[in-house]
Amino acid sequence: MNPFEQLLANNKVWAAAKVAQDKDFFKRLQDQQAPKFLWIGCSDSRVPANEITDTQPGEIFVHRNVANMVVHTDMNLLTVLEYAIKVLKVEHILVVGHYGCGGVRAAMTNENYGIINPWLKHIKDVYRFHRDEVDALETHEQQVDRLTELNVKEQVMNLAKTNTIQEAWRREERPHLHGWVYGLSNGLINPVFHMPPNTHIDPIYEYDIKP
């Protein structure tokens, strides 16, 4: 059996098992999507949002890209964010990196990755801001992991700079913004940063939002 055929076979077994456990499982999913969480995670296949949080389909709205970035010119991310806030009314946004991230590791080198270079420059900026702290650590693995934490924090800050978040904060007192890092070695999530609604940031980034 080809690998893609195996996926289709697995799907049939999974769907049958779900119906056997709960005959209305798919009907509920079809009729409603009301997640409380938006997950902005890394595309790494080892970090599946539902599995590592032990949640069911429909509970987490998910966006993923290389190194869980919030880039202000990324219309894909901004569209997901707008939909999550204004339509789904999510209460929490989770920016979730993972230790040993390949994107973070690549951004710390001078290697030419071609079309990926512009994306990695955003992580390089974070490294430049915190170079003294990161380079002071003993091992390269510790440096990569610390930059992963700092990158998650920076992406949460980037969320707070958007008018979408600031409007929701001012008018509806939501969502909370969280920065997490997942450990591939132990399966545990490390919460490294939290911004409750209406947290003040540098005033130059705060828009004049009418109530």
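Me: What does aspartate 24 count as, going by relative accessibility?

Reply: Compare the percentage with two cut-offs: buried is under 20%, and exposed is over 50%. This is a predicted model. In it, aspartate 24 has 32% relative accessibility, so it counts as partly exposed.

Me: Which residue forms a salt bridge with aspartate 24?

Reply: Look for a side-chain nitrogen of Lys or Arg within 4 Å of a carboxyl oxygen of Asp or Glu. Here the partner is lysine 23, and the closest N and O atoms are 3.5 Å apart. Lysine 23 counts as exposed because its relative accessibility is 68%.

Me: How many salt bridges does the structure hold?

Reply: The count is 13. One of them joins arginine 146 and glutamate 133, with 2.6 Å between the closest N and O atoms. Arginine 146 sits in helix H8 and glutamate 133 in helix H7 (residues 131–135), so this pair ties together parts 13 residues apart in sequence. Arginine 146 is partly exposed, at 26% relative accessibility. Glutamate 133 is partly exposed too, at 37%.

Me: Which residues are linked in a network of salt bridges?

Reply: Glu82, Lys86, Glu167 and Arg171 form that network. Elsewhere, the side chains of lysine 210 and aspartate 208 meet in a salt bridge, 3.2 Å from N to O. Both lysine 210 and aspartate 208 are exposed.

Me: Which residues form a nonpolar patch on the surface?

Reply: Trp14, Val19 and Phe26 do, with about 260 Å² of accessible area together. Tryptophan 14 belongs to helix H1, residues 3–21. Its relative accessibility is 40%, so tryptophan 14 counts as partly exposed.

Me: Now the whole chain. How many helices and strands does it have?

Reply: Count 9 helices and 5 strands. Their order along the sequence is α-α-β-α-β-α-β-α-α-α-α-α-β-β. Of the 211 residues, 39% are buried. Among contacts with a separation of 6 or more, 62% join residues 24 or more positions apart.

Me: How many side chains are positive, and how many negative?

Reply: There are 22 positive and 27 negative side chains, and the centres of the two sets lie 5 Å apart. The chain exposes about 12300 Å², of which carbon and sulfur atoms supply 54%.

How values were computed. Residues are numbered from 1 along each chain as its sequence is written. This is a predicted model: local features need pLDDT of at least 70, side-chain atom pairs count only at pLDDT 80 or more; totals for chains, interfaces and linings use all residues. Side-chain values use heavy atoms; hydrogens and water are left out. Helices (H or I, at least four residues) and strands (E, at least two) are DSSP runs, numbered from the N terminus. Buried means under 20% relative accessible area, exposed over 50%, partly exposed in between (1.4 Å probe, protein chains only). Contact means heavy atoms within 4.5 Å. Accessible areas come from the Shrake-Rupley method with a 1.4 Å probe; for residues, only the protein chains shown count as cover. Lys and Arg count as positive and Asp and Glu as negative; His and the chain ends are not counted. The place of a charge is taken as NZ of Lys, CZ of Arg, CG of Asp or CD of Glu. Patches are made of residues with over 30% relative accessible area and no salt bridge: like charges are joined within 9 Å, nonpolar side chains (Val, Leu, Ile, Met, Phe, Trp, Tyr) within 5 Å.
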